[in-house]
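Subject: the model, plus notes

Hi,

Here is the structure I promised to pass on. My notes follow below it; have a look at both when you get a minute.

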Amino acid sequence: MYKINLNCDLGEGAAFDNRIIPLINSANIACGFHAGDHAMMEATARLCIDNNVDIGAHTGYPDKENFGRTNLDVTPEQVYDYTLTQLKALGDIVGKDKIVHIKPHGAMYNQAAKSKELSDAIVAAITDYNKNLILMALSGSQMIKSAREKGLKYASEVFADRAYEADGSLRARSLENSMITDEDLAVERVIKMVKTGKVVAYTGEEIDIEAHSVCVHGDSEKAFTFVKKLNEAFSQNDIKTVGLIEAIK
């Protein structure tokens, strides 16, 4: 039997978090910088606890105006501070030991995926806060390499609804065909990634990919339906959805 973790970005103000949470394994809770606030973090965390869903910190740039999706000219020191501040904010609500993982958001995620300096800063902040946390990051990215170098646990993340470039990076949202809008195609791609460790890039070639966890974006109106379709496809393909700790074993 194959296994995969199903994660979703939540606590960002969408109206259907309470419908999605029972259907996933891990929730990435916005920590107030790119979206969310104390009350939203608290409410989302309570839903996770009630549904036995792993809690993760979704850490982004302090840029609510652009939902944290605009690249900023930041220093490693700033990224370290942003990461540590948001981890502490969530930890103060749920307790440090209740946080299972951390997943950077948006522009921070994409910039750190290619920058050793930013990745090292994120890993340093995580280690200083709680060295037992799992860093969830793009498969094959610099963040994965930095975590591995520093002995930090990591989970390689893949995306159901995003196109990939030939180098394994995500196709920029500003470019055409960056999003996979056909739900059946997206599900088919996920099954292929889990079973074969391969995905077809935007340019047509098949590339290697490591899949510990698959992301569904919670800010999409179709997220609830898509999560249900994924779970149905997993059942039909002998794929078990598991917590993140089990997924990375």
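In α8, the buried residues are Ala223, Phe224, Phe226, Val227, Leu230, Asn231, Ala233 and Phe234, where buried means under 20% relative accessible area, exposed over 50% and partly exposed in between, with a 1.4 Å probe and protein chains only. An α-helix has 3.6 residues a turn, so residues three or four places apart point the same way. The cover over the buried residues of α8 includes β1 (2–10), α1 (17–20), α7 (183–196), β9 (213–217) and β10 (239–241), counting a contact as heavy atoms within 4.5 Å.

The length of α8 works out too: its 14 residues (223–236) should span 20 Å at 1.5 Å a residue, and the end C-alpha atoms are 20 Å apart, which agrees. The expected span is 1.5 Å times one less than the number of residues.

Before you go further: this is a predicted model, so local features need pLDDT of at least 70 and side-chain atom pairs count only at pLDDT 80 or more, while totals for chains, interfaces and linings use all residues. Numbering runs from 1 along each chain as its sequence is written, and side-chain values use heavy atoms, leaving out hydrogens and water.

Asn177 is exposed, at 52% relative accessible area.

Now the whole chain. There are nine helices and ten strands, taken as DSSP runs numbered from the N terminus (helices: H or I, at least four residues; strands: E, at least two). For 249 residues, a compact globule would have a radius of gyration near 18 Å, and this chain has 16 Å, which agrees; the radius is over C-alpha atoms, and the rule is 2.2 Å times the number of residues to the power 0.38. Of the 249 residues, 56% count as buried. Among contacts between residues at least 6 apart in sequence, 69% join residues at least 24 apart.

On charge, the chain has 28 positive and 36 negative side chains, with the centres of the two sets 5 Å apart. Lys and Arg count as positive, Asp and Glu as negative, without His or the chain ends, and charges are placed at NZ of Lys, CZ of Arg, CG of Asp or CD of Glu.

Cheers
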